Amino acid sequence: MHHVSRVPAPEAVDTSGRATRVPVLRRGGRARTAVALVWPTLRAMRIVPLLTAGLVGVAIVIPPAVTGSVLPPDTHITVLRLVMACVGIGVTFALDDPAKPTAETLPVPAWLGALIRAVAAAAVGGTCWVAALVVTRSGLETMSLPYADLTCEAAAVVAVAFLASAIGWRRSPRGIGSPIAVSALLLAMTVTALLPAPVRLLVATGDGWDAAHDRWAYVLAGALVATVGVLTVRRRRRR
Amino acid sequence: MTAVRATSLALRYGRTTALEDVSFSLRTGVTGLLGPNGAGKTTLLRIVATALPADGGTLRILGHDPGTPPGRLAVRRRLGYLPQDPGFHPSFTAFEFVDYVAILKELTHRSARHAEVARVLSAVGLDDRRRSRIRTLSGGMRQRLALAAALVGDPDLVILDEPTVGLDPEQRLRFRELIADLGERKTVLLSTHQTEDVMSLCQEVVVLDRGRVRFEGTPSELAGLAAGRVWTSTQRQAGALASWRTGTGLHRHVGDPPPGAALVEPSIEDGYLTLVGAATGAEAPATAGGAR
Amino acid sequence: MTATSTLAPAPARPTPSSTDGRRQALLALARFEAFRMLRHPLTIAAALLFLGPWLWGWLSGSANRYPVLSDELIVIQLLALPILGGSALIVANLVTLRAHRHKVDASYDVLVLPPAWRLGGFLLALLSLAGVSLLLVGVRVGVSALLPGAVGSVDVATLVTPAALVLLLGAVGVFCGVLIRSVLVAPLAVLLVLVLELVATMPSIIGTGWRFLLPVYASEFPVPVPASVSDRPAARHLAYLVGLTVLLVAAVLARAAARRSFVAAALSVGLILAVGGGLTQSWPDPGMAAARATVEDRPASIQSCVTRADVTYCFFDGFGGFVSGWDEVVTSVRAVVPDSAASSGPPLAVRQRVPLEEISAYQTGSIAEAVRTVAAWKTADAAAGTPEAVRVGTEWGDARASAVLAAGVAYRLMAGEAFDGGFSLCGARAALLVWLVGQASPTTLAGMRSLDETSMGALSFSDVSTLFGISAPDRAAAPALALLKRPSAEVPPLVERHWAELTARDTPLERFGAIFGVPVQPLSPEEGEGLCTT
């Protein structure tokens, strides 16, 4: 610090100390703020874990496709479910924000940043998912897999992962929620795998498929609603 | 003008009482918040900074109620907060980080915002490091960067949680200059362990202990609490509240002086020690000079 | 601060010899970390998830009271790998990354205990997780083994395998933490472990020797098999897993710059175990083919038999626990046939059979082939002194298996001979058989209903281990199922009176309908009666 650190009034002095007029600070509307936020938020976001996890997911579907092995459709479905799990694990890092202590008292609400991150996570995760589907479809006898239903499952997994990320972000004072979120997601997956028959989610093609995918749709909707809640509801005042 | 008025604020975490019946008001100028570790200073700052809702009591900040979403938004638009443990995005440059915070403060006009960011970075002396990535900055630089993020957007209320931690003596002096200057126009609430900071900067002091306000007044009034209770001698004295050998070779004592002791002028530290060191939770808060 | 504080002189510091002190510090650290790992939420959750469904099975009464212990241990290791092993991997990884995540590595780096020793402490602490896994597995297997209907024996190597898997994955977690400082790696590693498990259970892998290099073993048979024909190389696989773990430990310590001699020792021990165990476990067992042929074609030569009342039960070594269950079903079926029929034909016998070849290769053999196989079995049975023995499989305990055996016994009593495979039953005989099975006991009725739900066109009394089972077309099963809803007092006298007519080969289904007054669906012109066994 070589010069006197006075705080110049914003409209009077510029950085070099010359008395010039800089534009008066104006606050923009929410839309303008959102637009301005996009790039820095994307830079602040931990996209590398998501990308890594997504690529691992794509890597999982490659061996059956390139070796030309004919797997039963249910095995392909299991493999694609592992891809979803990979993408989900990547998504749990989406809301990690070490600047949370600074950001939490700023006028722009947390959900706006989270929304930008959600869109980015959906784009990256979605790309990986589509890549996995394309690879799978290029294999033998995989044209008629129920890709739409599987995509619904994938969306639900990613929504739950984002919810876990939001809970982790909320619970961590330093804004690094991924350790909690990943663990929570893996636990949720294990519980899902152990669900008893009447409410089973990981079903094979056949009788229970449609009913199970109704349940997947509920999981998706529930996770989205819960995420909105976690990101917007403030700790309640006790009276 | 009263920027903050708090009446009977309370906060509990489960069975632990963090704050109880906390009342104070802040005017333009610098107010110091003193208190031992765990007194509830950070909790109180987080409540005033709208990061945490209180369980009870009323709070008006800059004429708004932070308990309602519109009130909170209005407060946040005029607020600068330096958390005790600010975090950063290590891959950002110093400029980018403050710029990011400025966007989050709804400063969307690009050139004006950049000028503002440059202004605060220059004010905290980070002009030459604005293009450096945060992961390359030292602890003191990061502390100044966080301060810049708090000051960006020219807030009317500035809340600083232990801002001088990690600063070297010169930086601390520069920082005092900065805050004193800010205090001429704005309301500044400063939590610190440094009694010299309070002495040299603050027009008002609030002492918080075990979640309660134990003192509210001027720094000299706080020092005055120890009047007649500070003395020097050539030996250690077991009965005193605190007793230590100073650089002059004499021992300085705070407590009940023995008859004929060589009394000396108390410092703000002595007042603080008298207040907090002797405190037993049941005592009523000491208020000096009708400052409330 | 209520009184002046002075600095009391520090207590004399114990100064043990350097290695001794380190060793003690290592053990203390391992104890400390072990405690933290054990009370980690993920560890607790994994233990609950591992035991929860099993406990629920016991509480809800759906647990199998006739477990085959060797098979149960296969299932347990398949469960333990993702649940217990996965949690160990993540917990170990988080412990390894803790200092980095909380940014205290700088202060740790100057501590007396060097990094390699600290990592050694983490690795040692994994033993606690392995211990808990052993305990959990022990509880599950122990409770099963205590059941009177339990079958087979517990091999120590298979019992310890889940704990070894936990240790291995824990070491993977530490290794990942040392290699890449991100919490992302561990969950992805868990997913890759799941991929390996999926690969292990793929039919195309099961045929190869490669499958033993995977961490878990999946049986090539969908049902339990006698110990003599199981190809699970438990002890050698355990050595392989331990070897892999030791190799990982060597890698971790090498990375942390541990003493060279120590790393080299660990490396060589690990290599010997991993390569030795890994290679030898896939060596073909020269006696296996002969043993399998014996089990499939000439089981009498290796089976033991017991007689309950006037019924002989023959079973493979270790499967004696099933006899009381079989006897219950046989008795209940004999109770619902007329007294004259209850001992028709040669003395009643039940023999355990497992068509290894047919069920292993996922083949769908022709009916003619099946008939030939069954004819050979019949000849063998006659030679062994149990002519016309009813066949029973290697799985027991669920209602479906009871229904399948009940159908076999009912056919034997109706026809005076064992079912000889081939086409489905037709006419009144088929309906009577369905009624007998349903009438015998609530369990056989429930099992039959369950079989009915999963079969199309015909009610098929067969599960995987009893290929060549009896089946009755839906058209014949429907009137019998309707009849089962009648009050139980009305029907048995009619059955007794018309027994000879109902069990005759050529009595049409319509006659069954007429005797009992139940509606019979007319034969649709396009399907015809179909092929019936004669």
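pLDDT is the predictor's confidence in each residue, on a scale from 0 to 100. I begin there since what I have is a predicted model.

For chain B the mean pLDDT is 87, with 95% of its residues at 70 or more. The exception I want to flag is residues 280-292 of chain B, where pLDDT stays under 50. The model has 22 contacts beyond four places in sequence for that stretch. Where pLDDT is low, predicted coordinates should not be read in detail.

Next, the domains. Chain B is divided into three: domain 1 covers 1-78 + 156-217, domain 2 covers 88-151, and domain 3 covers 222-287. Taken over C-alpha atoms, the centres of domain 1 and domain 2 of chain B are separated by 23 Å. Their contact takes 11 residues from domain 1 of chain B and 9 residues from domain 2 of chain B. On the domain 1 side, the elements giving two or more residues are β6 (157-161) and α6 of chain B. The largest share of that side, 3 residues, is from α6(B). By class, the domain 1 side has 6 nonpolar, 2 polar and 3 charged residues.

Now the contact between chains B and A. How many residues does each chain put in? Chain B gives 51 residues and chain A gives 40 residues. On the chain B side, the elements that give two or more residues are α2 (69-76), β5 (79-82), α3 (94-104), α4 (110-123), α5 (139-151) and α6 (169-183). Which of these gives the largest share? That is α4(B), with 8 residues. The chain B side divides into 25 nonpolar, 12 polar and 14 charged residues.

Last, the nonpolar cores. The largest has 304 residues. The members that touch the most other members are Val98(B) and Ala148(B) from chain B, and Val333(C), Ala410(C), Leu433(C) and Val434(C) from chain C. Helix α3 of chain C, residues 69-101, supplies the largest share of this core, 17 residues.

Take Val333(C) as an example. Leaving out residues up to four places away in sequence, Val333(C) touches Ala406(C), Val409(C), Ala410(C), Leu413(C), Leu436(C) and Ala440(C). One of these, Ala410(C), is also on the list of members that touch the most others.

There is also a second, separate core of 5 residues, which includes Val229(C), Val295(C), Val354(C) and Leu356(C).

How values were computed. Residues are numbered from 1 along each chain as its sequence is written. Chains are lettered from A and ligands numbered from 1 in the order in which they are written. This is a predicted model: local features need pLDDT of at least 70, side-chain atom pairs count only at pLDDT 80 or more; totals for chains, interfaces and linings use all residues. Two residues are in contact if their C-beta atoms, placed from the backbone, lie within 7 Å. Helices (H or I, at least four residues) and strands (E, at least two) are DSSP runs, numbered from the N terminus. Ala, Val, Leu, Ile, Met, Phe, Trp, Tyr, Cys and Pro count as nonpolar, Asp, Glu, Lys and Arg as charged, and the others, Gly among them, as polar. A nonpolar core is a set of buried Ala, Val, Leu, Ile, Met, Phe, Trp, Tyr and Cys residues joined through C-beta atoms within 7 Å. A residue is buried if 20 or more other C-beta atoms lie within 10 Å of its own, exposed if 12 or fewer, and partly exposed in between; C-beta atoms are placed from the backbone. Domain bounds come from an automatic or database domain assignment.
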